[in-house]
Amino acid sequence: MNTKILKRKCCPPMIYAVILFGLLSSSLLTLQAFSKTVRSKYGSWKTVLTSKDEPGEPLIVSGTVYAPDGKTPAAGITVYVYHTDAAGYYRKGTNSSDNPRIKGTMITNGEGRYEFRTIKPGNYPGGGVPAHVHYVLSGKGYPKQNDEVMFEGDPYLTPRERSEISVRPLTRDNDGVWHCVYDIKLKEK
Ligand SMILES: [Fe+2]
């Protein structure tokens with residue numbers, strides 16, 4: 001057998017190393033690009049509150065947290081949200097908002113943005129109260145701030161509530177997912 005010919009036909013180990021390095025680099029770049037969609041230097045600005053098995057209509061709420069001037073995006077703000085399930089319960093058996101089952105935490109990114117995917121909350125059992133999502137905002141020296149968002153068209157909204165800025169429209173995409181945008185202005189430090 002002519003070993004010289006064989007050697008010419010085979011790739012030297014260095015070429016294999018270069019190919020392997022290239023493959024690993026592209027994989028890492030893809031992973032980094034994916035991570036940037038949910039993380040910033042402050043932490044995760046997007047989260048998912050419910051599993052795919054959670055009964056209810058899917059809902060994505062997003063928005064921007066602004067400084068008290070209402071214009072400057074507030075980065076690094078912790079946004080804790082919680083709400084009832086589709087039947088109106090914070091937790092079956094002990095329906096207390098002190099111990100909600102559906103909840104999650106985000107930290108606003110460099111543009112002050114947050115986003116969470118969940119299901120549309122139900123009205124409290126027995127009705128009377130518009131469906132809503134509770135917010136608790138904190139961090140960056142701002143006082144802890146409670147807030148909530150409600151949705152246009154809720155039958156339990158009072159005429160006064162309908163004009164509040166925390167009542168937001170819902171739009172539904174072709175996949176049946178509801179979308180709501182809710183921006184929040186922080187109170188003065
Ligand atoms: Fe509530």
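In strand β8, which residue is the bridge partner of Thr-78?

A: In β8, the bridge partner of Thr-78 is Ser-138. Before the surroundings of this pair are described, two remarks on the model are needed. Residues are numbered from 1 along each chain as its sequence is written. The model is predicted: local features need pLDDT of at least 70, and side-chain atom pairs count only at pLDDT 80 or more, whereas totals for chains, interfaces and linings use all residues.

Two strands are said to pair if DSSP finds at least two bridges between them. The chain has 3 helices and 13 strands.

Strand β5 covers residues 78-83 and strand β8 covers residues 132-139; the two run antiparallel and are joined by 6 bridges. Besides Thr-78 and Ser-138, Tyr-82 stands opposite His-134 in β8, and His-83 stands opposite Val-133 in β8. Strand β5 also pairs with β6 in the antiparallel sense, over 6 bridges. There, the bridge partner of Tyr-80 in β6 is Thr-105.

These strands belong to an open sheet of 5 strands, in the order β6-β5-β8-β9-β10, with mixed pairing. Strands β6 (102-107) and β10 (167-168) stand at the edges with a single partner strand each, so one side of each is left without a neighbour in the sheet.

In β9, Tyr-142 is the bridge partner of Gly-139. The hairpin of β8 and β9 has 2 residues between the strands, and Lys-140 is placed in the loop between them. Lys-140 has a positive phi of about 55° although it is not a glycine. Most residues other than glycine have a negative phi.

A residue is buried if 20 or more other C-beta atoms lie within 10 Å of its own, exposed if 12 or fewer, and partly exposed in between, with C-beta atoms placed from the backbone. Lys-140 has 16 other C-beta atoms within 10 Å and is therefore partly exposed. Met-106, which lies in strand β6, is buried, because 22 other C-beta atoms lie within 10 Å. Of the 189 residues of the chain, 20% count as buried.

Contacts complete the picture; two residues are in contact if their C-beta atoms, placed from the backbone, lie within 7 Å. Not counting residues up to four places away in sequence, Met-106 touches several residues, among them Thr-47, Val-79 and Phe-116. The C-alpha atoms of Met-106 and Thr-47 are separated by 6.6 Å, although these residues are 59 residues apart along the chain.

A nonpolar core is a set of buried Ala, Val, Leu, Ile, Met, Phe, Trp, Tyr and Cys residues joined through C-beta atoms within 7 Å. The largest such core has 26 residues, of which Val-61, Val-65, Val-79, Val-81, Tyr-135 and Leu-137 touch the most other members. The elements that give two or more residues to this core include β5, β6, β8 and β9 (142-151). Val-61 touches residues including Phe-116, Val-133 and Val-149, not counting residues up to four places away in sequence.

Notes: Helices (H or I, at least four residues) and strands (E, at least two) are DSSP runs, numbered from the N terminus.
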